[in-house]
Every structure is written in structure tokens, then in C-alpha cells.
Amino acid sequence: MFTIGCHLSTSKGYTHMGKEAVSIGGNTFQFFTRNPRGSKAKDIKQSDVDGLLGIMAEHDFPVILAHAPYTLNPCSDKPETREFAWQVMADDLQRMEYTPHNLYNFHPGSHVGQGVETGIGQIADLLNGILTKEQTTTVLLETMAGKGTEIGSTFAELAQILEKVNLQEKMGVCLDTCHIHDGGYDIVNDLDGVLEEFDHVIGLKYLKAIHINDSMNPLGSHKDRHAKIGEGYIGTEAFARIINHPALCHLPFFLETPNELDGYQAEIALLRGLYQQEG
Ligand code: FE
Ligand code: FE
Ligand code: ZN
């Protein structure tokens with residue numbers, strides 16, 4: 001089964017997101033756990049969550065993906081900024097238990113001159129502080145484009161974080177196609193080679209989700225500007241190979257392209273048309 005959806009606004013609640021996902025042909029979606037700027041989260045209404053869980057069961061959503069506020073920095077040089085990331089993510093993981101057995105993705109952060117090694121240690125410390133044996137959520141490190149001092153633009157950096165985490169069974173990776181292309185991984189001409197490297201360095205068993213975005217910039221540009229599917233340097237043919245690759249075709253795919261709902265609907269239809277098992 002092809003699992004495809006897009007990033008949706010959280011503002012109207014869980015049930016609304018479920019309905020919206022179905023209305024554009026999706027069987028999953030991504031959402032921010034709170035205002036992306038990281039402010040206080042709204043209280044969760046059980047009836048609202050129940051509405052979503054009903055829609056997910058009825059329409060065969062295998063999983064949904066929550067995204068942490070992108071402004072958090074778990075490896076800031078300011079202790080109070082690291083503490084804030086810790087508090088928000090710990091709270092998010094509690095909130096995730098309203099929708100058990102799903103995915104929670106975050107950006108590893110920017111070391112802002114402290115150095116990669118220090119940053120990796122701080123990210124692992126945070127994870128070791130907030131992960132619990134009881135949680136049902138899998139926490140994903142997102143592959144990054146390598147803008148500024150971002151950590152996570154190489155598979156090795158993500159592997160080094162995972163190595164330091166105690167509850168590795170609660171961890172995974174979300175691969176963003178725009179970000180890794182910007183990071184210099186040639187998924188257009190050597191998808192097999194990139195995935196072999198991922199398997200060798202991190203392990204494909206950790207790969208739990210794909211952010212499917214084209215890139216406005218060429219390979220290795222470290223820019224992180226998403227393009228619509230087929231309108232960037234990755235291109236539609238490469239996306240056809242990506243969604244059908246035996247190592248990836250079973251994973252959930254999430255569009256974060258510059259689109260309104262109708263644009264997402266068109267991209268979901270395009271990708272469904274390219275997915276071979278669905279003919
Ligand atoms: Fe992200
Ligand atoms: Fe992403
Ligand atoms: Zn991005």
C-alpha cells in the first residue's frame with residue numbers, strides 16, 4: 001500500500017486534519033504539535049482525538065507524523081534554549097500518547113560554533129532525558145541540508161547521535177529528499193548507492209518516514225529551499241524511482257512542498273499515478 005500525505009495546519013484540531021487529509025486523497029499527514037514558533041500548546045480534547053482515530057481506522061491510515069517546532073535548538077550554546085527544547089519535546093511526547101504508536105520528528109539543531117561533537121552530545125543528552133520505556137511513540141531525527149551549523153546533514157552525524165541514545169528502539173530517522181540532495185547525496189543519479197550508504201552507516205531499520213520535496217537548488221548546495229514535485233533539481237523521474245524503491249516503497253511519504261491544499265491534492269494524485277503497485 002502507498003502511504004502518502006502532506007503537511008497540514010493544526011489550528012482546527014485533530015478531526016479536521018483527518019478529514020482534510022482524506023479530502024485531498026491522502027492516507028496520512030504531518031502536523032506541528034503546536035505553533036511552529038514553539039509557544040504553549042493548546043489543550044487536547046479527547047473527543048477531537050477520537051474523531052481523528054475513527055477517520056484513521058475507516059480510511060486505513062497506517063501512521064501519522066508529528067513535527068516538533070522547527071525553532072527549537074537542542075544543541076544551542078545557551079543552556080536556557082536547550083532547556084526550552086527539552087521541556088517542549090518532553091511535553092510533546094506526553095501529548096503524543098493521545099494518538100499512540102505514531103511518529104514524532106525533530107530537527108537535531110545547530111551547534112552555533114560549539115562544534116559538531118559537543119552538539120551531538122547535547123542532542124543525545126536531551127533524548128536520554130526525555131525518552132521513556134513506556135512511550136509508544138517513535139522519535140525521528142530528520143536529515144538536514146547543512147545550512148549554517150546544522151547537525152544531521154551527514155548520515156554519520158545521525159548515526160553518532162543514535163549510538164549515544166540508550167533507548168534506541170524508540171528512535172528512527174526521517175529522510176528529507178530536499179535536505180539530503182542539498183547535503184550532497186545524489187539521489188537522482190545514484191539512489192541505490194545513497195541507500196546502501198544509509199544502510200551501512202545508520203541502518204535501514206531506522207528509516208521510518210520520508211519527507212518528499214523537490215529542491216530549488218543543485219546537489220550539495222546546503223540551502224534548504226523546497227520546490228514543488230517536478231519543479232526542482234530532483235525531478236519527477238527520480239521521485240518515481242524513490243517511491244518505488246524496494247527499500248522505501250513501504251514507508252509513509254509526506255509532502256512539504258510550497259503548496260496550498262489543491263496543490264497538495266494534485267501532487268498526491270501525481271505520485272499515486274507513479275506508484276507501481278497501485279497500477
Ligand atoms: Fe522538518
Ligand atoms: Fe522536512
Ligand atoms: Zn526543509
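Reader: Which residues of α5 are buried?

Author: In this predicted model, Phe155, Glu157, Leu158, Ala159, Ile161 and Leu162 of α5 are buried. The cover over these buried residues includes α4, β5 (138–142), β6 (171–176), α6 (177–182) and α7.

Reader: Why does phenylalanine 155 count as buried?

Author: Its relative accessibility is 1%, and buried means under 20%, so phenylalanine 155 counts as buried.

Reader: What makes phenylalanine 155 and phenylalanine 198 an edge-to-face pair?

Author: Two values. The ring centres of phenylalanine 155 and phenylalanine 198 are 5.1 Å apart, and a pair needs centres within 6.5 Å. The planes stand at 75°, and over 60 degrees counts as edge-to-face. Phenylalanine 155 sits in helix α5 (residues 155–164) and phenylalanine 198 in helix α7 (residues 191–201), so the pair ties together parts that are 43 residues apart in sequence. Phenylalanine 198 is buried too, because its relative accessibility is 0%.

Reader: Staying with α7, why is glutamate 197 called partly exposed?

Author: Glutamate 197, found in helix α7, has a relative accessible area of 37%. Buried is under 20% and exposed is over 50%, with partly exposed in between, so 37% makes glutamate 197 partly exposed. Leaving aside neighbours within four places in sequence, glutamate 197 is in contact with Phe155, Tyr185 and Ile202.

Reader: How many aromatic pairs turn up in the whole structure?

Author: Eight. One of them joins phenylalanine 29 and phenylalanine 61: their planes are at 70° and their centres 6.4 Å apart, so this pair is edge-to-face. The cut-offs are over 60 degrees for the planes and within 6.5 Å for the centres.

Reader: What does the pair of phenylalanine 29 and phenylalanine 61 tie together?

Author: Phenylalanine 29 is in the loop between α1 (14–23) and β2 (30–32), and phenylalanine 61 in the loop between α2 (46–58) and β3 (65–67), so the pair links parts 32 residues apart in sequence. Phenylalanine 29 is buried, at 0% relative accessibility, and phenylalanine 61 is buried, at 7%. Tyr14, Phe29, Phe31 and Phe61 form one aromatic cluster.

Reader: How do α3 and α4 pack?

Author: Helix α3 (residues 79–96) and helix α4 (residues 116–130) pack at an angle of about 35°, with their axes 10 Å apart. The crossing is right-handed. Among the residues that meet there are Trp86, Met89 and Leu93 in α3 and Leu126 and Ile130 in α4. By kind, the contact divides into seven nonpolar, two polar and two charged residues.

Reader: Which residues touch the most other members of the largest nonpolar core?

Author: Leu127 and Ile212, in a core of 74 residues. Not counting residues up to four places away in sequence, isoleucine 212 touches several residues, including Ile4, Ile229, Phe239, Phe253 and Leu271. Another core, of seven residues, lies apart from the largest one, with Leu103, Leu140, Ala209 and Phe254 among its members.

Reader: And tyrosine 264: why is tyrosine 264 called buried?

Author: Its relative accessible area is 7%, and the cut-off is under 20%, so tyrosine 264 is buried. Tyrosine 264 is placed in helix α9 (residues 261–274). Apart from neighbours within four places in sequence, the contacts of tyrosine 264 include Cys6, His7, Ile24 and Leu255.

Note on methods
Residues are numbered from 1 along each chain as its sequence is written. Chains are lettered from A and ligands numbered from 1 in the order in which they are written. This is a predicted model: local features need pLDDT of at least 70, side-chain atom pairs count only at pLDDT 80 or more; totals for chains, interfaces and linings use all residues. Side-chain values use heavy atoms; hydrogens and water are left out. Rings of Phe, Tyr and Trp (its six-membered ring) pair if their centres lie within 6.5 Å; planes under 30 degrees apart count as stacked, over 60 as edge-to-face and the rest as tilted. Helices (H or I, at least four residues) and strands (E, at least two) are DSSP runs, numbered from the N terminus. Buried means under 20% relative accessible area, exposed over 50%, partly exposed in between (1.4 Å probe, protein chains only). Axes are lines fitted to C-alpha atoms, for helices over the stretch in contact, and angles run from 0 to 180 degrees between N-to-C directions. A crossing is left-handed if the near helix is turned anticlockwise from the far one by less than a right angle, and right-handed if clockwise. Contact means heavy atoms within 4.5 Å. Ala, Val, Leu, Ile, Met, Phe, Trp, Tyr, Cys and Pro count as nonpolar, Asp, Glu, Lys and Arg as charged, and the others, Gly among them, as polar. A nonpolar core is a set of buried Ala, Val, Leu, Ile, Met, Phe, Trp, Tyr and Cys residues joined through side-chain atoms within 4.5 Å.
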